[in-house]
Amino acid sequence: METPQHTSENPNDVVSDDDLSPENTNPEDQENPNTNLELPISDSQDESSDPVPDKRPQNTNSNHTETGPSVRRRRRRKRFFTELNANGRPKISGIAQEMDTEALIAISVGFPADSLTEEEIEANVVSRIGGQEQANYIVVRNHILARWRSNVSVWLTREHALETIRAEHKNLVDAAYNFLLEHGYINFGLAPAVKEAKLKSFDGVERANVVIVGAGLAGLIAARQLISMGFKVVVLEGRTRPGGRVKTRKMSGDGVVAAADLGGSILTGINGNPLGVLARQMGLPLHKVRDICPLYLPDGKAVDADVDSRIEVSFNKLLDRVCKLRHDMIEKVKSVDTPLGTALEAFRSVYKVAEDSQERMLLNWHLANLEYANASLMTNLSMAYWDQDDPYEMGGDHCFIPGGNERFVRALAEDLPIFYGRTVQSIRYGIDGVRVYAGGQEFRGDMALCTVPLGVLKKGSIEFVPELPQRKKDAIQRLGYGLLNKVAMLFPYNFWGGEIDTFGHLTEDLSMRGEFFLFYSYSSVSGGPLLVALVAGDAAAKFEMISPVESVKRVLNILQGIFHPKGIVVPDPVQAVCTRWGKDCFTYGSYSYVAIGSSGDDYDILAESVGDGRVFFAGEATNKQYPATMHGAFLSGMREAANILRVARRRSLALTDKVNNDTEESDSLNRLFENPDLTFGSFSALFDPNPNDHGSYALIRVKLEGDKLDLNHLSLYGLITRKQTIQLSKMNGDGNRMNLLHRNFGVKLVGRKGLSNIGESLISRVKAAKLNLTVGN
């Protein structure tokens with residue numbers, strides 16, 4: 001998981017003052033931790049950010065030498081135990097010596113080591129599950145995948161894939177190549193050669209119309225894939241910009257400039273990550289987030305290294321004990337779940353962990369880190385399944401993108417038919433397609449893809465007609481959707497040093513342990529001296545009730561407490577931005593988590609289409625393997641593009657079969673009426689071949705002719721008795737016959753497909769009788 005993938009239309013309050021440069025600031029105020037900031041406050045406009053040059057500012061306070069505390073390497077962790085996930089993907093580190101490079105690459109992008117995915121099985125890539133054919137297919141698939149990943153800037157053709165594989169496996173190459181291409185594992189992205197080839201990569205067949213709701217990462221990549229497959233696409237976005245919960249804000253003032261990621265910010269695990277592929281294609285360097293994270297006490301002193309180490313070990317042991325407890329509970333009582341926080345606190349109390357004040361603050365810092373990873377309080381997390389996505393975690397370094405993730409968004413949105421300012425109110429779907437209502441307009445299509453955040457679905461902001469299935473509504477309610485906020489501050493210079501990317505702060509107020517508990521330094525990637533403070537857990541919600549000026553004051557007090565004792569002056573920021581993701585009407589929060597009573601299955605339920613393949617769903621909360629991540633949203637868009645293609649093909653085949661069947665049935669009936677039992681005017685009749693009985697049925701046909709009709713004629717049918725047929729034949733004129741038919745007999749004429757079962761049975765008996773007559777002759 002990463003820093004939230006969140007968004008906001010007006011969720012960010014700005015604190016800025018052009019007069020906060022060192023030249024215009026009283027030195028005495030700089031030394032005073034209680035500096036009174038009188039800064040203008042305004043809601044940030046959700047304007048697009050101009051590209052920010054990647055330049056390092058000069059540190060104007062370079063006369064000091066920072067010794068810093070004894071540091072420990074610590075990752076932002078979400079998961080610690082995997083015993084319940086025995087069927088998950090094996091860890092790469094444990095099998096690296098046993099598997100070749102191509103297999104490792106396949107594993108890194110989500111393929112199992114020695115079996116097929118559900119999508120491959122559904123695509124019938126092999127004739128039989130298991131056996132030598134499947135084993136050969138996996139080798140071929142891995143080879144094609146690895147070959148493209150070795151150079152993602154080119155389009156890998158089917159012919160190139162065949163060059164290094166024996167001709168006898170051509171069928172497997174075709175199956176693997178088609179699957180990888182259509183599901184977005186190869187030949188995707190933004191490289192010029194890939195974009196050009198996609199314009200002519202598919203079969204040229206014009207497919208269905210798709211309305212995509214949301215221009216976040218899921219919606220953008222789905223749109224690009226579908227267009228390349230021949231679909232007509234329109235994207236509806238309520239905001240005035242693309243990106244959704246990925247938003248980069250340009251900050252500037254006092255001669256410095258920086259790009260701040262206010263939403264999704266970190267590529268969590270670069271191995272196999274599709275966003276890493278985009279970075280390679282765009283020539284963007286990746287900055288590894290260094291995992292050295294010193295911690296500071298409330299008084300600014302560094303945490304003692306021995307105490308830090310001891311509490312971290314104790315914290316991991318607590319989690320291990322919770323792991324064993326949940327394993328035993330699920331084995332014995334299948335449906336039991338309890339809050340993760342409750343279980344941890346019970347073990348902490350029993351084993352007397354972190355009983356003195358400093359140890360307790362340290363333990364709470366680790367708990368705040370978990371609340372950050374899950375965007376929720378420990379008391380809301382499912383003890384049983386909070387880390388269900390552990391087996392799928394992408395390996396490799398966590399990285400920043402210089403200039404911000406909006407660089408991805410801009411490139412993905414280029415040339416797409418996106419309608420901004422179109423907030424969707426209703427999605428109506430049925431056998432005749434979909435109608436999406438937004439901003440007073442109606443958008444019609446054959447299918448729709450809904451990519452709005454889980455928070456919007458929970459809020460019921462979009463009306464679905466008919467209502468979503470109860471199964472999906474229950475999953476929406478069960479899954480958790482949490483909150484993480486940030487304070488982004490641009491300073492006139494970097495006073496904290498360039499040796500680290502993160503540092504942490506402890507608090508004595510245990511209920512506010514997530515308030516500014518972790519700081520990220522973006523100086524190396526943002527283009528300027530940018531520092532971001534995180535607000536997690538219970539503090540994230542309370543943060544939105546406090547004025548941005550007050551929030552910035554609190555952050556500065558913390559920074560002054562850490563750096564002033566070292567003789568380092570903390571200047572006032574030239575600009576600051578406070579996010580408000582919980583108040584954003586386009587997201588209502590940050591990202592999903594597994595709440596008490598929920599499980600990973602609910603992600604799959606959210607991903608299910610409704611209306612017999614009319615409305616599809618994508619977004620991080622529909623991705624069981626990679627929830628709450630930017631790449632999870634991206635991959636879900638790829639997944640649904642492939643699903644839409646599959647359904648469109650199935651529907652096209654069904655329509656072709658239906659047309660063929662209808663044509664055959666009509667031709668067969670026309671042949672029967674070539675020799676009717678009775679003809680009068682435009683009417684003709686076929687009698688039931690059973691014994692001559694005036695009460696038996698007759699099928700009548702009325703043949704209407706006219707220049708404006710298709711094929712210059714139209715045939716309508718009705719079912720009446722033999723006696724009524726004879727009455728009709730004795731009437732003069734077709735007009736009188738029609739009046740008698742409708743007014744007296746109460747019969748409505750229908751098309752061929754409108755005949756009742758009685759009519760179909762009569763046709764079958766007539767066919768059989770005429771066939772016997774033909775054989776007899």
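Here are a few exercises on this predicted model, each with a worked solution.

Before you start: residues are numbered from 1 along each chain as its sequence is written. Local features need pLDDT of at least 70 and side-chain atom pairs count only at pLDDT 80 or more, while totals for chains, interfaces and linings use all residues, and side-chain values use heavy atoms, with hydrogens and water left out.

**Exercise 1. Work out how helix 10 and helix 14 are placed, and which residues make their contact.**

Step 1: find the helices. Helices (H or I, at least four residues) and strands (E, at least two) are DSSP runs, numbered from the N terminus. Helix 10 covers residues 274-282 and helix 14 covers residues 406-413.

Step 2: look at the axes, which are lines fitted to C-alpha atoms, for helices over the stretch in contact, with angles running from 0 to 180 degrees between N-to-C directions. The two axes come within 11 Å and cross at roughly 80°. Angles of 65 to 115 degrees count as roughly perpendicular (under 35 is roughly parallel, over 145 roughly antiparallel, the rest oblique). Helix 10 and helix 14 are therefore roughly perpendicular to each other.

Step 3: list the contact (heavy atoms within 4.5 Å). Helix 10 brings L275, L278, A279 and M282, and helix 14 brings R407, F408, A411 and L412.

**Exercise 2. Find the largest nonpolar core and the residues with the most contacts inside it.**

Step 1: A nonpolar core is a set of buried Ala, Val, Leu, Ile, Met, Phe, Trp, Tyr and Cys residues joined through side-chain atoms within 4.5 Å. Buried means under 20% relative accessible area, exposed over 50%, and partly exposed in between (1.4 Å probe, protein chains only).

Step 2: go to the core. The largest one has 88 residues, and Y372, Y520 and L559 have the most contacts inside it. Helix 13 (residues 357-374) gives the most to this core, with 8 residues.

**Exercise 3. Trace the open sheet that has the order 14-13-12-16.**

Step 1: start with the layout. The sheet has 4 strands with mixed pairing. Two strands pair if DSSP finds at least two bridges between them.

Step 2: check the edges. Strand 14 (441-445) and strand 16 (463-465) each have a single partner strand, so one side of each is left without a neighbour in the sheet.

Step 3: take the pairs. Strand 12 (residues 424-430) pairs with strand 16 in the parallel sense over 3 bridges, and I427 has F464 as its bridge partner in strand 16. Strand 13 (residues 433-438) and strand 14 pair in the antiparallel sense over 5 bridges, with R444 in strand 14 as the bridge partner of R435.

**Exercise 4. Decide whether A354 and D612 are buried or exposed.**

Step 1: see what sets them up as a pair. A354 is not a glycine, yet has a positive phi of about 55°. D612 also has a positive phi, near 55°.

Step 2: A354 is in the loop between helix 12 (340-350) and helix 13, and D612 is in the loop between helix 20 (601-607) and strand 24 (615-617).

Step 3: read the accessibility. A354 is buried, with a relative accessible area of 3%, whereas D612 counts as exposed at 62%.
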